[in-house]
Amino acid sequence: LLAPLPSTLPSIPSVTIEWTGTLLKFMKEQLCKPLSDYYTSSSTTIMSDDQKLALRQWQYCVNLIKHMYQEGLLERQETLQWILELLERPLRSTSSSEDGLFRLFLPLALQYMEEFVQSELLSRKISYLCSRKISQLCSGEPQSGGGVSPNSPAIHNTPTNSGNTQSSTGPQQSSNSLIATQGGTNTANTLSVIINEYLSCPHHRDLILGLSAILQVVTLECPTALVWNCIGEGKSTSVLNGSPLDHLPCSPAALPMPQRSTNPHVRSVRNQLKLGEELIKQRSQAAEGRWSCDKWQQSSAGVTTVKVLNALDALDRHSFERVDAGNSLDTLYAKIFPAANSTTSKDSPTTNQEETRVVYSVSQDKAVVEILCQWAVSGMRYGEHRAMAVAKLLEKRQAEVTSGAGNGESDTGDDKDSTNSVPTGLPVFQTLLMRFLDYDAPVLDENPSQANRTMFTNLVHLFAELIRHDVFSHDAYMCTLISRGDLNVANPPVGSTTPHPASNKPAATPMEDDSGLFDIKPKIEPNRTMDYDDSKIDDDLDKLLQHIKEEQQNSMDAPDSPKDDSGTLVPGGIGNVNPLETEGVGSADVKGKPSRHLLYTTHFPLPQDESSSHDCNQRHVLLYGVNKLRDEARHTVKRISKDICKLFSKKFSIDVAEGGKVKKHSRNEFNFESTTSRVQALSFFDQHVVTWQCSVTVLEMINTFASGNSNYLPVQEHVAFLFDLMELALNIDGLIDVCIQILKEVPEVEAQLAAKGSNLVRIYTPSLVLYVVGVLRRYHCCLLLSSEQTVAVFEALCRVVKHVSNPGDCCSVERCVLSHLYDLYSMCSLLKSRPHGGEPFSNAYPKIRAALYTSLQPTPSNHACTTFMTDVIMNIRRPVRIEPSWVRQLSESASNRYSFVCNAVVAVCNETDLDRLNDLGHLCAELTACCNTLSPEWLGVLMALCYSSNHTSYFMYVLSHVDIHDLSIHNSLAVFTSILIARHCFSLEDFVVHIALPSLLTLCKEGRGDADVDTEAGARLTCHLLLRLFKTI
């Protein structure tokens, strides 16, 4: 970090060095005369013509330097070092007249602050200069031979205790005083008077504001440059010794700021400055202690920090895409929750034997549980598997704690005061998770950014998994909210304050007493008014339970829950709360806004099974009551579910008895975009309900056909649409379960199609399986977290392709299935130890590797192109049927392969219709699956398009008929290439290694001179293909 900044263009160093030296030499000459005379004179107020000309030349050259710097035409290090020398010049001079040059140099330095803060060394140097100058101005005395302007206010307001400001050559200063104001209250008041006089002085106002701005920018953007150091035992005069803030008479946050900013903005910046100062102080204290961790690690805070860092390191280093003996959920658990040390106690004074036992307290896992939740929710990490992994880790920890295995006894410390509102047998980590929701969990801002939305959706997914694994009790959560009044936001008492934060930022330090595991009642501070009456909690809960029972009987006559005549805890009903725009707070604030827990209650999904019916009914009553709002909410969900389920009615389904016809096509009758928007406008809970109901309909429809009791099958694209809705709803576990159930029915469906003599044999099920495999690949890490689901998927896929004897001669869908089986088998050691069917998969494993995972080399083909299969390409129709004669002709003739590839690629480049592109890609993928020798041909033609200048022997026919400079062909080629890679015609690795990297490297090598236009066009195409490929992964 302290190394000099590298040059932007190392390939032409001589030119940039020459330009930099010439310009900087000219700028130094401009400062000699006459410009320097004007700024160093204390009496001249009017510029002469020569001075005006010099100033214009100076300003022109400053602008020229800035432009050349931004374009990378100047040496960055030399330019920034020159600016530092300009600022240092007035400090080195013994003449006070040099002080005026600061007014000329400061604007130049401020322009480059964004560059200075990229280097700790440069930031430290410029902070050192500015701190010394401010100290010099405020003390009224010269430093290092420098002087003070004769009209400085400090001349008349010098503090009597001038020793408060320490020079760079003074004794070593402790890091504890880096940020503190030098001197006592009198000195601080005097300093304030001096700075105010500077601000009112037209000569010094810009000077003091500029110096302050530089220090404040460094504090915000590069605070480590201000950390205190001790080099040479404090005897060195280097800027690396001590801290630049040692020379500053006050903290950076106390320095003046421009007044054109609004007051809230100024306060926000000053708060950030104070945070930066605290960071500087903490690191300075560590440096003063020579960064010794011995004492720190022995403290309770140090032990907790080490535990958190170890857990975070284990999570980030764990490879979730594979499972083996050294990398599994068990090994990850052992790293995050290491075995506890035993403690010895004597149970009876009459016995001589000592029993060794470990008493578990939930507080010992508090920090780890918090970091697990933050890791799962954070937008700085990637993957839906995080929520599922955290839920499984906490489930395993809970099972270990409650069973006492390896822990002796457990001391959960139930809160006796809460027994009336929380049932017994709650999850171990209920209180810790409640605390996370109270203080650290994200909520949607009033105008949520994409990052804010991502964190909130991650939170919803996390608690959906925690509830599903019984790590978090939704029933206890509801009881807790009722007892605390967090859902009752009607008419909050005047002057009442909420015990929870009013924003997404962490609240003030919460109560630290963890003696009670289920401490659900907020502690009441002295003189704090209550916003609910806890004397009637038992009565209210009895009423609530009565409501739930009567709710199941569709009763409409019961009185509602606490203190709301409208029949709901939410004033105006939950319909007044926009699910995705609510500003969450801990509890109702004084303006009556909904609480953050109302937002969580609205969105947190619940399992849609009989065991969760009580929780669903309880949630429904709490949010909507037993009035008209409840019926409206139910009707909205039912209406959307009914509309989507129309896609799986007989009218929109495939009638096998009628030759696979569909009576009504959804493209004209159903608006997919509008339906998607309607579903996303629902809460995540309702989205889960809708997608669950639709998935049940689909599975029943497929099962009925598989059992021979129906002639109707769902359209494959409609099933894929349901998959998309489940993804948007974050119903990942439900999505994987649906895929497993569909795979189990596929062999029976195919058998029924064959028995009925349908023309959909080997057409319908491969298309459906392709969508399923796409989902399973997308959520590969989520799948591996469940050994049961992994085994079920593997065995079901094996049954789907059990008839394939040669992986090199099959359809493209079977090729995708075999590839996914290969990946599962390679990455999950559990599958290698289990027999799957009559023949072990280990026998098929090497055959699949030889057929699909052999490295390819692009084929340099240049045959005479014929019209082979041109009519097929131009008149392609769904479903695509491959004639054996096509495969035979392609396998036997290299000229036919060349002609087919050329004709297909030219047709793709001339096509703009997406459906036609998909059909062409499907045709090429099917033929490649039956004729593996086409794979290197596809790589060869892409190589010709992406860097033809170096490979003139590759597919000249394509280059003569396709203009690679035409940007309109990029999207078509990107879609086509994505289909080929997705159908395993060649691997993504082959494309990157043989095409993408050589194409871009060729451009880089030629870029030192005049790059060939064809090379540049090929590189543009390559970048577009890579962008499309990696955006779809």
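C816 is buried, with 4% relative accessible area; buried means under 20%, exposed over 50% and partly exposed in between, using a 1.4 Å probe and protein chains only. The sulfur of C816 lies 8.4 Å from the closest cysteine sulfur, that of C985, which is too far for a bond.

This is a predicted model, in which local features need pLDDT of at least 70 and side-chain atom pairs count only at pLDDT 80 or more, while totals for chains, interfaces and linings use all residues. Residues are numbered from 1 along each chain as its sequence is written, and side-chain values use heavy atoms, with hydrogens and water left out.

Back to the cysteines. A disulfide is a covalent bond between the sulfur atoms of two cysteines. The criterion here is a pair of cysteine sulfur atoms within 2.5 Å. Searching the whole structure turns up zero disulfides. C782 is in none, and its nearest cysteine sulfur, in C781, is 6.9 Å away. C782 is also buried, at 3% relative accessible area.

Charged pairs come next. A salt bridge is a side-chain nitrogen of Lys or Arg within 4 Å of a carboxyl oxygen of Asp or Glu. By that rule the structure has 22 salt bridges. One of them joins K396 to D330, with 3.4 Å between the closest N and O atoms. This pair links distant parts of the chain: K396 sits in helix α15 (residues 385–403) and D330 in helix α13 (residues 329–336), 66 residues apart. Helices are DSSP runs of H or I with at least four residues, strands are runs of E with at least two, and both are numbered from the N terminus.

K396 is partly exposed, at 34% relative accessibility. Its charged end has a second contact: it sits over the ring of Y333, 5.3 Å from the ring centre. Such a contact requires NZ of Lys or CZ of Arg within 6 Å of the ring centre and within 35 degrees of the ring normal. R619 gives another example, lying over the face of F685 at 3.7 Å from the ring centre.

Helix α15 also holds a local pair. E400 and R397 both lie in this helix, three residues apart, about one turn. They form a salt bridge, with the closest N and O atoms 3.7 Å apart. R397 is buried at 5% relative accessible area, whereas E400 is partly exposed at 23%.

Elsewhere, D643 and K646 form a salt bridge at 3.8 Å between the closest N and O atoms. D643 counts as buried at 17% relative accessibility; K646 is partly exposed at 42%.

Now the aromatic rings. A pair of aromatic rings is described by the distance of the centres and the angle of the planes. Rings of Phe, Tyr and Trp (its six-membered ring) pair if their centres lie within 6.5 Å; planes under 30 degrees apart count as stacked, over 60 as edge-to-face and the rest as tilted. The structure holds 23 aromatic pairs. F436 and F463 make a stacked one, with 6.5 Å centre to centre and 15 degrees between the planes. F436 belongs to helix α16 (residues 430–439) and F463 to helix α17 (residues 450–468), so the pair ties together parts 27 residues apart in sequence. F436 is buried, at 2% relative accessible area. F463 is buried too, at 0%.
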